[in-house]
Amino acid sequence: MNEKFRKWLDGDIDVMENITETALEHDASREELKQLRKRLRENIWNLPGTGRIIGAERRTAQIIYRVISVVSCILLIGTLLYIVGHLPLYGVENPRATEVTKRYIEDGLKETGAVNIVAGMILDYRAFDTLGESHVLFTALVCVMILLRKDGKNMKSAYEDYFTVAQDTYFMTNKDTIIQKIGFFLVPCIFIYGIYILLNGQVSPGGGFSGGAILGAGMIIFTSAYGFDKVDKYFTLKLSGYVTFAALSFYSFAKGYVFFMGANGLENHIPKGTPGAILSGGMILPLDIAVGLVVACTMYGFYSLFRRGSIGGN
Amino acid sequence: MTGWIRFFISAVFIVTGLVSFAAGVIGNCRFGYVMNRVHAGGIGDTQGLFFIVMGLAVGEGSVMDILKLILLVVFLWNTSPVSSHFLSQVEYYTNPNLYDHMKRK
C-alpha cells in the first residue's frame, strides 16, 4: 500500500491507464456501439406502454425542474430586494460605508507609503485578498494542465500531435512575414511597457495584474510570430513552475511576516521610502513583481496549453 | 487670427476622420459577409484614426503631446491592419464556400 502510494506520488504508475485502455478498445467499435444504442432506443420506444411511462416520468421531472427554478429565482429576487430596502439613501452620511474609505484616502499615503491608493489598498490593507487571487490563478493553471497537457502518457495516438503540427503548418502562423516584422517592432515596446507598469504600481495606475497581463501578451505575440521553438529554449515547464512557486511562496511568507508582526502591516521593519519614488511603499514593489510574474506565467501557460497541450515542449 | 486658422484646420481634419468612421460603421452594419465588413472596418481604423489624430495634433500646442499622438498613430497603424489581415486570412483558409461570395450579382 505504502509503496503503491509512493509510486503514484512519483508518477511511476498512471491511475488512468486502465481506463484509457478500455476506452481504446471501445474506440475501435464506436460506430458499432452507436448503431446498437440507436436500435436499443427504438426497441424500447416500440414496446407497448413504454412511451406512456417514460413520458410521464419526463413530465414529472420537467414539472419539478420548473418549480425549483421558479422558487430559487423568487428567493434570489426577494433576498436582493430585501437588502436593497435596507441600503442607506443616496447622500446620507453612513458611518459603515464612509469610515473605511475616509481612512484609506486620508491616511493611506502615510501608512502604506504608496501614492497610488489602490495599490496601497490591494497590496497592503487587503493583501490577503490579493494573495488568494494569485493562488486562484495558479490553481487555474494547474487545472488546465491536468485537463489539456499532452505528454505522451495520456495521448490516445500520435494522431493528436500530428493534428496540432498540421494545423500550425496549415495556417503558417510561424512563417508569416507580416506578423514577424510587426512582432520584431512591437514585442520590445510591449515588454518595456509591461515592466514599466509593473515597477510603477505604487506611484501610478497599474501594478501586478495589469503589468503581468501585458508581459504575458507580449510573450504570446512573440510566440505566434516566431513559433514555439524560440520560446521553448528559455521558458520551459520547469522554469515556469520555479518562477510561480518562488513568487507565490515569497508573497505568502512576506505578507505572513507583516501580518504576524503588526496586525495591518503598519509596524514592520521595512522602510516606507520617499512617496513618489520607485523604491517606496515598503513591501508593495516586491509584491507587485511577484504577482506580475505569476500572472505572466499563467497567461502564457494558458495560451501554450490550449494551442498545443504543453508548456516548453515537454 | 492664427488660433482661428488652427481651429479651422483641425476641425476640417476631425470632420474628415468622422466621415471615415461613419463610412466604416455604415459598411459594418450594411454588409453581410465578413470580408466586406473587415474592409469597411479597416477604413475607420486607419484613415479615420489618422485624420482625427492629425486634427488633435494641429489643435494641440505642446510638442510633447503632438509626439505622443504621433506615437499613437504609429502603434495603431502597425497593429490594426495586421489584425484585419489575420481575420481575413482565417476566413480565407477556413471557408470552403469562399468563391460563392465573390460572384457578381
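Biologist: Where is the place of Ile146(A)?
Modeller: Ile146(A) sits in helix H7 of chain A. Keep in mind that this is a predicted model.
Biologist: And which residues make the nonpolar surface patch?
Modeller: Ile146(A) is one of them, together with Phe138(A), Val142(A), Leu147(A), Leu148(A) and Phe306(A). The patch comes to about 610 Å².
Biologist: Which helix gives the most to that nonpolar patch?
Modeller: Helix H7 of chain A, residues 127-148, with 5 residues.
Biologist: Switching to the interface. How much do chain B and chain A bury between them?
Modeller: About 940 Å², and 77% of that is on carbon and sulfur atoms.
Biologist: How many residues does the contact take from each chain?
Modeller: Chain B gives 10 residues and chain A gives 10 residues.
Biologist: How many salt bridges does the rule find across the interface of chain B and chain A?
Modeller: The count is 0.
Biologist: How do the residues on chain B's side divide, then?
Modeller: Where chain B touches chain A, its residues are 5 nonpolar and 5 polar, with no charged ones.

Technical notes: Residues are numbered from 1 along each chain as its sequence is written. Chains are lettered from A and ligands numbered from 1 in the order in which they are written. This is a predicted model: local features need pLDDT of at least 70, side-chain atom pairs count only at pLDDT 80 or more; totals for chains, interfaces and linings use all residues. Side-chain values use heavy atoms; hydrogens and water are left out. Contact means heavy atoms within 4.5 Å. Buried area is the accessible area (1.4 Å probe) that two parts lose on being put together, summed over both. A salt bridge is a side-chain nitrogen of Lys or Arg within 4 Å of a carboxyl oxygen of Asp or Glu. Ala, Val, Leu, Ile, Met, Phe, Trp, Tyr, Cys and Pro count as nonpolar, Asp, Glu, Lys and Arg as charged, and the others, Gly among them, as polar. Patches are made of residues with over 30% relative accessible area and no salt bridge: like charges are joined within 9 Å, nonpolar side chains (Val, Leu, Ile, Met, Phe, Trp, Tyr) within 5 Å. Accessible areas come from the Shrake-Rupley method with a 1.4 Å probe; for residues, only the protein chains shown count as cover. Helices (H or I, at least four residues) and strands (E, at least two) are DSSP runs, numbered from the N terminus.
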